[in-house]
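Thank you all for making time this morning.

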Amino acid sequence: MLGVSRSAICKQLRGLSELGLQHSAVSGKGYRLDKPLELLAHSKINAILGEQNKALISALEIHDTLNSTNSYLVEKSQIMRFQVLFVLAEHQTAGKGRRGRQWVSPYGNNIYVSILWRFQQGGNRRHGGLSLAIGIAVIRALKQHNINDVGLKWPNDIYSQGKKLGHSDRSFR
């Protein structure tokens with residue numbers, strides 16, 4: 001029906017597998033994803049943010065694939081002068097975990113986000129406990145949404161069921 005060969009279809013299915021998207025054959029019909037795919041959308045994010053929060057954000061970018069949201073943010077911050085920049089991606093090819101480990105980033109499964117927030121004054125000393133405060137705020141927000149099996153591992157790693165969900169960090173340049 002699509003006018004493509006079986007080998008072309010197999011190649012596309014391998015590409016889905018490489019992105020971490022599992023699929024199954026449906027007898028007599030073709031293939032389907034094992035889990036529904038819900039992608040990030042500016043319209044949904046903006047609706048949740050509300051006008052007061054949107055006014056604080058200089059830019060919000062959503063990317064299909066990046067090597068790392070954090071690496072991209074660092075590069076972009078050197079080129080352009082944003083006050084507050086949110087960078088989200090559906091997939092990361094080189095996300096970084098602790099001690100040089102790769103951060104596993106299957107396509108469309110999680111929220112990969114890095115946030116640049118430039119402060120007007122105060123420097124490193126004034127904002128020393130910020131990453132811990134952000135970690136606590138994330139835990140509280142998750143619990144408000146009935147995600148209770150979460151905790152903070154000192155000083156700023158967010159864990160659930162023994163697995164790391166995220167990391168709040170601050171960098172000053």
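Which residues make up the largest nonpolar core? Before I answer, please keep in mind that this is a predicted model, in which local features need pLDDT of at least 70, side-chain atom pairs count only at pLDDT 80 or more, and totals for chains, interfaces and linings use all residues. Residues are numbered from 1 along each chain as its sequence is written, and side-chain values use heavy atoms, with hydrogens and water left out.

The answer is a set of 9 residues, namely Ala59, Leu66, Tyr72, Leu73, Phe82, Leu85, Val87, Ala89 and Leu116. By nonpolar core I mean buried Ala, Val, Leu, Ile, Met, Phe, Trp, Tyr and Cys residues joined through side-chain atoms within 4.5 Å, where buried means under 20% relative accessible area, exposed over 50%, and partly exposed in between, with a 1.4 Å probe and protein chains only. Two or more residues come from each of strand 3 (59-66), helix 3 (69-79) and strand 4 (84-92), and strand 4 gives the most, with 3 residues. Helices (H or I, at least four residues) and strands (E, at least two) are DSSP runs numbered from the N terminus. A further core, of 6 residues, lies apart from this one and includes Ile45, Ile57, Val84 and Leu88.

Helix 3 has Thr69, Ser71, Tyr72, Leu73, Lys76 and Ser77 buried, and its buried residues pack against strand 3, strand 4 and strand 5 (112-117). At the start of helix 3, a side-chain oxygen of Ser68 comes to within 3.2 Å of the backbone nitrogen of Asn70.

Why does Lys76 count as buried? Lys76 does so because its relative accessibility is 17%. If we leave aside neighbours within four places in sequence, Lys76 is in contact (heavy atoms within 4.5 Å) with Glu61, Phe82 and Leu85.

Turning to another part of the chain, 3 strands form an open antiparallel sheet in the order 6-7-8. Its edge strands, each pairing on one side only, are strand 6 (150-153) and strand 8 (163-167), and neighbouring strands are turned by 35° against each other on average, direction ignored. Strand 6 is joined to strand 7 (residues 157-160) by 4 bridges, and Gly151 has Tyr159 of strand 7 as its bridge partner. Helix 5 (residues 130-144) packs on this sheet and touches strand 6 and strand 7, its direction making about 170° with that of strand 6; the axes are lines fitted to C-alpha atoms, for helices over the stretch in contact, with angles from 0 to 180 degrees between N-to-C directions.

Finally, the chain as a whole. Its secondary structure comes to 5 helices and 8 strands, and 26% of its 173 residues count as buried. Among contacts with a separation of 6 or more, 50% are between residues 24 or more positions apart.

Technical notes
Two strands pair if DSSP finds at least two bridges between them. A polar contact is a pair of N or O atoms within 3.5 Å; within protein, one must be able to donate a hydrogen and the other to accept it, and residues adjacent in sequence count only if both atoms are side-chain atoms.
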